[in-house]
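Trainee: I have a structure to go through. Can we take the sheets and then a helix pair?

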Amino acid sequence: MDEMQVVEFVATYLKKKGFSEAENALQAEIQRTKNNSSSSSSNNNNNAVDVLNDPELSKFFRSLSESEDSPTRYQDEYSKLRSWTYSSLDLYKHELLHVLYPVFIHCFMDLVAKKYIQEARTFFNTFREDHGMLHLRDLQKLEGVLSPSHLEEMEFAHSLRHNKVNIKICQYSYELLLQYLHKTQSTTMLGIINERINFQVSPGQPSTISDDAEVVTLIGSNQDAANQINQKEVRWGLLEDSIENRLEKMGGLLSDSEKAEGENKEADMDENKKRTAEGGKQGASVKKLKKDKATSATAKAARPEANATPMAPRVKSELALPVTPIEVEQSILEDLRNRVQLSSVALPSVSFYTFINTHNSLNCASISHDGSLVAGGFSDSSLKVWDMAKLGQQTGNSVSQGENDTTPSEDVLGANGAKRSYTLFRGHSGPVYSATFNPLGDFILSSSADATIRLWSTKLNSSLVCYKGHNYPVWDVQFSPVGHYFASASHDRTARLWSMDRIQPLRIMAGHLSDVDCLQWHANCNYIATGSSDKTVRMWDVQSGDCVRIFIGHRSMILSLAMSPDGRYMASGDEDGTIMMWDLSSGRCVTPLMGHTSCVWSLAFSGEGSLLASGSADCTVKLWDVTASTKAPKTEEKSGNPNRLRSLKTLPTKSTPVYSLQFSRRNLLFAAGVLSKSL
């Protein structure tokens with residue numbers, strides 16, 4: 001090996017390991033050496049280092065060669081790094097642990113790329129348990145990587161190989177890590193960390209464990225590309241000719257609303273007098289509500305001035321909207337005029353529907369806007385709809401409400417010849433994963449593992465249309481706020497936009513790296529948000545089908561989404577129990593919400609947007625103060641500390657995971673879940 005071969009070897013190594021600055025400096029030095037070789041060759045020869053015979057250099061190149069050729073170095077160095085990390089001081093341990101997962105998966109993929117397949121499988125199986133809790137979905141996908149070609153063919157693995165991971169870490173933790181790597185001469189780990197991880201080093205103390213959701217930017221997400229997409233303009237306002245907008249313009253309606261509210265209060269008082277057990281407490285609460293409503297009524301003249309700054313702008317719809325019948329408009333206006341104003345001191349009433357005797361076959365639950373209909377999708381491919389009014393007439397007690405009710409809500413055959421307590425819809429050939437009512441409640445959509453979406457009529461009790469387009473199970477389907485249009489999310493990693501009168505999709509929205517698990521419409525119907533197993537939320541323009549926002553920050557799959565009524569904010573809930581509030585205009589996280597201990601399956605904003613309700617597999621409904629979060633960016637600038645939403649109240653169930661939440665137009669909160677005796 002001559003001197004030029006050694007130099008070329010070093011240049012190749014630097015390039016491969018991502019040491020771009022060192023590589024450029026070396027290439028510049030080589031060029032300079034070539035230019036001056038004719039005039040100073042004798043001097044250079046006298047002063048040159050003998051690279052062929054120098055023992056230190058020989059040892060260095062031998063170690064480089066070993067690190068490139070020996071698969072055992074990956075397992076040895078990773079095992080030592082893992083042991084060192086777990087034995088670190090608790091103050092810095094949780095930050096250093098963030099480094100292990102990206103190093104682990106890239107060690108595995110490097111071994112596969114070099115065709116050490118057996119060693120790669122051994123390495124993967126040895127250390128996978130360390131990361132199973134937070135990254136189970138990722139590991140299940142990587143299990144399918146069995147050859148170098150899979151690294152390019154599988155989009156998820158390809159993205160991991162071509163994007164860096166951003167990790168926030170304090171200065172001292174960063175220095176500790178570098179000292180360890182240099183001291184132990186862990187050249188393989190050092191190369192992977194340098195090539196695959198982008199550290200965002202911050203001065204001061206390590207981040208707290210409660211901030212961990214914001215520490216690691218999602219693997220496989222190109223932050224630069226996301227930032228570029230998030231520069232696009234988003235018109236997040238409300239529709240110009242919406243019913244809510246007309247109500248605001250018609251000032252004369254306010255006095256009517258006050259009258260209606262007064263009548264409702266009197267009715268509430270009469271009911272409370274009849275309840276002797278809690279008469280005193282409820283009477284006091286009604287008096288307090290009266291006082292609050294009275295003060296709010298007197299302040300109505302000042303209210304427009306107070307809301308002038310945050311008032312949502314008005315935008316035109318990009319879709320041709322259906323015409324709303326006059327009688328329906330009048331009904332909606334009546335509901336809006338009689339809406340209860342919620343706040344941190346005036347929390348909503350909750351009506352909880354509990355499914356019993358489902359034998360673990362209930363996959364989803366949905367509630368109509370007025371709470372009169374409740375639907376359940378089951379593993380036996382059936383969809384069942386309960387009419388609450390008819391239920392009350394038949395049994396005198398709501399079957400789906402009382403956890404101690406002995407009447408089975410799953411009486412398919414009708415015991416003793418009695419009528420069924422629900423309407424049974426059959427047509428799917430696989431488990432039903434999602435159901436949604438249109439705003440008027442006369443249609444219901446269902447999606448299934450059979451890759452189809454079906455439209456049903458609740459008036460005719462029959463199937464109307466079967467929509468086919470997805471290639472794999474459809475996890476979620478949602479009607480638009482105005483009806484007629486709907487969107488679907490599937491295992492095929494796409495979301496699709498449909499209209500009721502066409503059997504083919506109008507738009508296909510592709511870009512997620514894994515399943516699209518949930519979706520939500522924007523209030524103005526111009527955008528659709530999708531949550532995915534790739535741990536990102538994307539927002540799409542319905543007119544162009546383009547992605548206009550990528551929200552990065554979750555550390556597990558997204559299970560639920562909700563849009564604020566003014567269209568300015570979005571909430572997303574994940575598998576770990578974390579909820580994040582996002583500003584749609586900037587694409588940034590306003591604040592994370594910590595409190596749930598299991599999957600967040602449902603989110604809902606109150607009618608005026610002051611409260612957020614979250615339902616979880618931990619058998620609780622939580623209420624959060626949203627109005628406090630709108631001030632977060634201002635206080636953040638002054639204090640430097642992120643302002644979190646305040647948890648107002650936790651409503652536990654006996655043992656019922658919360659599947660669905662829905663605020664009525666009058667701000668009554670409906671919830672649904674299934675009684676789980678195993679909890």
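Mentor: Start with a definition: two strands pair if DSSP finds at least two bridges between them. Keep in mind that this is a predicted model.

Trainee: Which residue in S20 stands opposite Ala529?

Mentor: Strand S19 covers residues 527–532, and strand S20 covers residues 536–541. The two pair in the antiparallel sense over five bridges. Opposite Ala529 in this pairing stands Met539.

Trainee: Which are the edge strands of the open sheet?

Mentor: The sheet has four strands in the order S18-S19-S20-S21, with antiparallel pairing. Neighbouring strands are turned by 20 degrees against each other on average, direction ignored. An edge strand here pairs on one side only. That gives S18 (516–521) and S21 (547–552).

Trainee: Is S5 mostly covered or mostly uncovered, and how many of its residues are buried?

Mentor: Buried means under 20% relative accessible area. Strand S5 runs over residues 350–355 and is mostly covered. The count of buried residues is five of six.

Trainee: Which residue in S31 stands opposite Thr354?

Mentor: S5 and strand S31 (residues 669–674) run parallel and are joined by six bridges. Thr354 faces Gly673.

Trainee: How are H4 and H6 oriented to each other?

Mentor: The axes of H4 (residues 72–86) and H6 (residues 117–127) come within 11 Å and cross at roughly 15 degrees. The crossing is right-handed. Angles under 35 degrees count as roughly parallel. H4 and H6 are therefore roughly parallel.

Trainee: Which residues in H6 meet H4?

Mentor: The H4 side brings Tyr74, Gln75, Tyr78, Ser79 and Arg82. The contact residues divide into four nonpolar, four polar and one charged. On the H6 side they are Thr122, Phe123, Thr126 and Phe127.

Key. Residues are numbered from 1 along each chain as its sequence is written. This is a predicted model: local features need pLDDT of at least 70, side-chain atom pairs count only at pLDDT 80 or more; totals for chains, interfaces and linings use all residues. Side-chain values use heavy atoms; hydrogens and water are left out. Axes are lines fitted to C-alpha atoms, for helices over the stretch in contact, and angles run from 0 to 180 degrees between N-to-C directions. Buried means under 20% relative accessible area, exposed over 50%, partly exposed in between (1.4 Å probe, protein chains only). Angles under 35 degrees count as roughly parallel, over 145 as roughly antiparallel, 65 to 115 as roughly perpendicular and the rest as oblique. A crossing is left-handed if the near helix is turned anticlockwise from the far one by less than a right angle, and right-handed if clockwise. Contact means heavy atoms within 4.5 Å. Ala, Val, Leu, Ile, Met, Phe, Trp, Tyr, Cys and Pro count as nonpolar, Asp, Glu, Lys and Arg as charged, and the others, Gly among them, as polar.
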